[in-house]
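I opened a notebook page for this model. The entries below record what I looked up.

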Amino acid sequence: MAISDDNPNRLDDAYLRELEAEEALSPRKVNSDSLKEVTKACRDAADLELDIHYLNERLNEAKESLRRLTHERIPALMEKANIKDITIRGGGNLPDKRVSLKTFCYANIAAGWDDRRRQEAFDALRATSDGGHLIKNAFTFKFPMGSQKAVLVLTEFAQERGLEYEQIESVHTQTLSKWLRERRKKGLPHPPLDVIGGSVGQEAIIKDV
């Protein structure tokens with residue numbers, strides 16, 4: 001299907017004329033009205049793809065703007081005003097809102113970190129009394145053909161036979177964040193926040209009254 005050069009999402013009218021000319025020479029006659037309907041439907045689909053791309057970008061921008069307001073600006077302003085909660089009167093279709101501050105804890109050992117940084121984070125978790133239990137392990141074993149029986153003994157067999165395998169460690173973000181929050185609440189030590197991708201601060205919680 002040809003697309004015009006000046007607009008990559010617009011079907012080329014010249015291409016449609018070529019189709020009509022080719023079909024005129026073929027035994028099967030094309031209904032020109034149906035062809036126009038197909039063309040319009042394709043153009044509508046291309047326009048909607050552009051709309052979806054734009055709306056996704058706007059959604060991500062709106063989420064980031066909301067995060068900055070609720071995690072940075074509003075908490076800073078409320079602390080400056082020495083208030084912990086406030087009721088905001090609504091108007092029109094907007095109901096009254098209750099805004100209060102809550103401490104949040106977040107941590108994420110990102111998959112995109114390099115191996116050294118990820119290993120430092122896992123080692124820091126293992127150095128605590130219970131952090132090592134958070135770590136999940138996934139092993140990928142590479143067995144030659146005909147080694148189905150060896151799969152039953154997995155790691156032991158791989159070590160004994162020198163088979164190549166890959167170990168992947170991970171910690172779910174929600175699990176790690178909950179663990180961090182509970183340790184801080186109990187006053188227990190935890191790894192440095194920068195090591196485990198953590199952040200702690202005040203968050204503005206906004207609810208309908």
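What follows are my entries, from the whole chain down to single residues.

**Basis.** The model is predicted: local features need pLDDT of at least 70, side-chain atom pairs count only at pLDDT 80 or more, and totals for chains, interfaces and linings use all residues. Residues are numbered from 1 along each chain as its sequence is written, and side-chain values use heavy atoms, with hydrogens and water left out.

**Whole chain.** I looked up the elements and found five helices and five strands. Helices (H or I, at least four residues) and strands (E, at least two) are DSSP runs, numbered from the N terminus. Their order from the N terminus is α-α-β-β-α-β-α-β-α-β. Of the 209 residues, 21% are buried. Buried means under 20% relative accessible area, exposed over 50%, and partly exposed in between (1.4 Å probe, protein chains only). I noted an accessible surface of about 15400 Å², with 52% of that belonging to carbon and sulfur atoms; the method is Shrake-Rupley with a 1.4 Å probe, and for residues only the protein chains shown count as cover. For contacts (heavy atoms within 4.5 Å), I took the pairs at least 6 apart in sequence: 63% join residues at least 24 apart.

**Helix 5.** Which residues of helix 5 are buried? I listed L176, S177, W179, L180 and R183. They sit on the same side of helix 5, because they cover an arc of only 160 degrees around the axis; the arc is that of the directions from the helix axis to the C-beta atoms. Q174, K185 and K186 are exposed on the other side. The cover over the buried residues includes strand 2 (97-107), helix 3 (115-126) and strand 5 (198-208). Just after helix 5, I found G187 with a positive phi of about 75 degrees.

**Core.** Of its 14 residues, I109, L125, V171, L176, W179 and L180 touch the most other members. Strand 2, helix 3 and helix 5 are the elements that give two or more residues to this core. Leaving aside neighbours within four places in sequence, V171 contacts F122, L125, L134, I135 and L176.

**A107.** A107 lies in strand 2 and counts as buried because its relative accessibility is 0%. Not counting residues up to four places away in sequence, A107 touches T173, L176, S177, L180, I196, G197 and G198. I also noted that A107 and V200, 93 residues apart in sequence, are 8.8 Å apart in space, C-alpha to C-alpha.

Note on methods
A nonpolar core is a set of buried Ala, Val, Leu, Ile, Met, Phe, Trp, Tyr and Cys residues joined through side-chain atoms within 4.5 Å.
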